[in-house]
Amino acid sequence: MTPYDIAPPQERSGARPDSHREPLVDGFGRTVRYLRVSVTDRCDLRCVYCMAEHMVFLPKAEVLSLEELDRIASAFVALGTRKLRLTGGEPLVRKGVMGLVRRLARHLRTGALEELTLTTNGTRLSEFASDLAAAGVRRINVSIDTLNPELFAKITRGGNLVKVLAGVAAARDAGLRIKINTVALAHGNAAEIPDLIRWAHGQGMDLTLIETMPMGEVEADRTDQFLSLDRVRRELASYWTLRDIPLSTGGPARYVEIAETGGRLGFITPLSHNFCEACNRVRLTCTGTLHTCLGREDASDLRAVIRSGADDAGLAQAIRAAVDAKPKGHDFHIGRGLGPAVARHMSTTGG
Ligand code: SAM
Ligand code: SF4
């Protein structure tokens, strides 16, 4: 069964809630096989679209220990999750994160897990790349919005591009495959996008463009930041040959191949288009809250479940109940005077 198949009615929505073997299927028949885990809400950067300048971070007591993160993520693996992505905040600033990566990698060795990966801003990749590769990580996503050092420092509020590019080089040397993530910003990096694409493709890396999503309060007006990727695509197509390709990760990105650069470009367009019908993923925050939709306020408190002493069957049941209630889709809108669609920041949810 592919992740998009609709389960037969008798297997739908918690028909056998205590089974450990049935895959996780939501109330709309979508099989959930992908978990993103935000291991920390903290970060060494403050990207203007992601965080407020003076963020208030969570008290440490609210954050799950690495053992608790391992327990919940492993419960998902036991329920058929095939792909785990560690994210944040910045996952590589969490103390002891390599210990978590090594623990989770046991599921790769048993074959239960297909892929263990992470999304990082790259600032600490030089330090971690070879350990990640040795642990069994094969590919990572690195977020870079511009190759202009001054603009990079402005968008990230103080980030050092040289350090990030050194991290990318270290990851390549360690044999990790890299995809670059770039948030498209109307008055930020719009003019930089072709250069970024040329650079990434020149080194054999795919690049995915992302529309800004209205998550959490930031200083900037989202309407000013927003750049429609339909527009970017039209502009790129005026001088490059873009060919749609059927590559699908079960995620929201749609891909084209660019004949002139020989590389792949993804578009994540939650505002211009909504691809929720094929969504196969859910997100766990570093406090153990499960969000089954990026753009909705739905939340299930798995920390309360494990801290109340639930056994593995109880945890599995709580996960099934949460996934069963996964909303049909998000409803992002950006407009003047409109607040964020959800109050939590992307750095809390885990982008
Ligand atoms: N710190 C890591 C990084 O930057 O890659 C991982 C966490 S970050 C929240 C994950 C991704 O979410 C990044 O690619 C970032 O650019 C993106 N992101 C953050 N806030 C966003 C927003 N409001 N809209 C769209 N993408 C956002
Ligand atoms: Fe940090 Fe990533 Fe958010 Fe930038 S996008 S502030 S690097 S969590």
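Is D195 buried, exposed or partly exposed? Select D195 and find out: its relative accessibility is 43%, so D195 counts as partly exposed (buried is under 20% relative accessible area, exposed over 50%, partly exposed in between, with a 1.4 Å probe and protein chains only).

Before moving on, a word on the model. This is a predicted model, in which local features need pLDDT of at least 70 and side-chain atom pairs count only at pLDDT 80 or more, while totals for chains, interfaces and linings use all residues. Residues are numbered from 1 along each chain as its sequence is written, chains are lettered from A and ligands numbered from 1 in the order in which they are written, and side-chain values use heavy atoms, with hydrogens and water left out.

**Stop 1: helix α7**

R198 and D195 form a salt bridge, 2.9 Å from N to O (a side-chain nitrogen of Lys or Arg within 4 Å of a carboxyl oxygen of Asp or Glu). Both belong to helix α7, three residues apart, or about one turn of the helix (helices are DSSP runs of H or I with at least four residues, strands are E runs of at least two, numbered from the N terminus). At 45% relative accessibility, R198 is partly exposed.

**Stop 2: pairs across the chain**

The count comes to 15 salt bridges. Select R71 and D312, whose side chains meet at 3.2 Å, N to O. Here R71 sits in helix α1 (residues 66-78) and D312 in helix α11 (residues 312-324), 241 residues apart. R71 is partly exposed at 27%, and D312 is exposed at 52%.

For a network of salt bridges, select E67, D70, R103 and R106 together.

**Stop 3: helix α9**

Show residues 229-237, helix α9, where L229, V232 and L236 are buried. They share one side of α9 because they cover an arc of only 50 degrees around the axis, taken from the directions from the helix axis to the C-beta atoms. What covers these buried residues includes β7 (177-184), α7 (193-202) and β8 (206-211), with contact meaning heavy atoms within 4.5 Å.

**Stop 4: ligand 2**

Finally, select ligand 2. Around it you will find C43, L45, R46, C47, C50, M51, G89 and N121, each with a heavy atom within 4 Å of it. This shell divides into five nonpolar, two polar and one charged.

Key: Ala, Val, Leu, Ile, Met, Phe, Trp, Tyr, Cys and Pro count as nonpolar, Asp, Glu, Lys and Arg as charged, and the others, Gly among them, as polar.
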